Amino acid sequence: MHPEVRAHLQEMQEAEYAAFTGRLTPGAGTVLGVRLPLLRRYAAELAAGMGEAAMEGEDVYFEEKLLRGILIGKLKMDLERRLELIRDFIPVIDNWSVCDSFCCTLKPSRRQLDRYWELIQPYVLSEREFEQRFAAVMLLDHFVNETYIDRTLTLLPQIRTDAYYASMGTAWALAECYLKFPEKTLPLLQEPVFDTPTHRRAIRKLCDSYRVTPAEKQMLRGLLRGE
């Protein structure tokens, strides 16, 4: 990250918040302790001012990586350049926080969704935990809708993983599919389509949701394997 940007991040650091973030985010590395709303506000300032030059140099701190991901989504650029930066960034994602903030900051237009759909395909079949989570969270954030739901429900089971954060991301996406399209999604919960940990995590997430009726929760609990 640009030295000027790093210096400003260091000015915003909070030691207690750094300790809290470090406990919550395994794999985050060196954490300054800058709150996400402040990072998003700063990213908006950089996008309007310094632009892509803000991302020059290596990232030392967790917040620099987080900020880089946010900037890739916020900076004005053509689609091809953004896709190039996304592909370059995905391999360096090493924790759930950077992954999820990055995915939700990306805001493809309706015309661009097909290109983003193509983008995530190789990461579905990846063996790397956070590449798999990236694919799952991108499906969750951008493709649980009328246009893509059938394709999403076909693609999501292809994420095969024993890794915790990839499994949690897949379960989260599966639960959201059920919440929005229960009739289409229920067959995937009734059959052994997903590995047992991911299946259980999806059902537990649904049973914790206020958007699911008590009767549905009872039915879903009955689908838990081994119970």
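This report looks at one helix pair and at the cysteines of the structure above.

The model is predicted, so local features need pLDDT of at least 70 and side-chain atom pairs count only at pLDDT 80 or more, while totals for chains, interfaces and linings use all residues. Residues are numbered from 1 along each chain as its sequence is written, and side-chain values use heavy atoms, with hydrogens and water left out.

**The helix pair**

Let's begin with α8 (residues 129–142) and α10 (residues 164–180), which pack at an angle of about 10° with their axes 8 Å apart. Helices here are DSSP runs of H or I with at least four residues, numbered from the N terminus. Axes are lines fitted to C-alpha atoms over the stretch in contact, and angles run from 0 to 180 degrees between N-to-C directions. The two helices are therefore roughly parallel (angles under 35 degrees). Residues in contact (heavy atoms within 4.5 Å) include Phe130, Val137 and Leu140 of α8 and Tyr165, Met168 and Trp172 of α10. By class, this contact has ten nonpolar, three polar and three charged residues; Ala, Val, Leu, Ile, Met, Phe, Trp, Tyr, Cys and Pro count as nonpolar, Asp, Glu, Lys and Arg as charged, and the others, Gly among them, as polar.

**The cysteines**

With a disulfide taken as a pair of cysteine sulfur atoms within 2.5 Å, the count is zero.

Methods. Angles under 35 degrees count as roughly parallel, over 145 as roughly antiparallel, 65 to 115 as roughly perpendicular and the rest as oblique.
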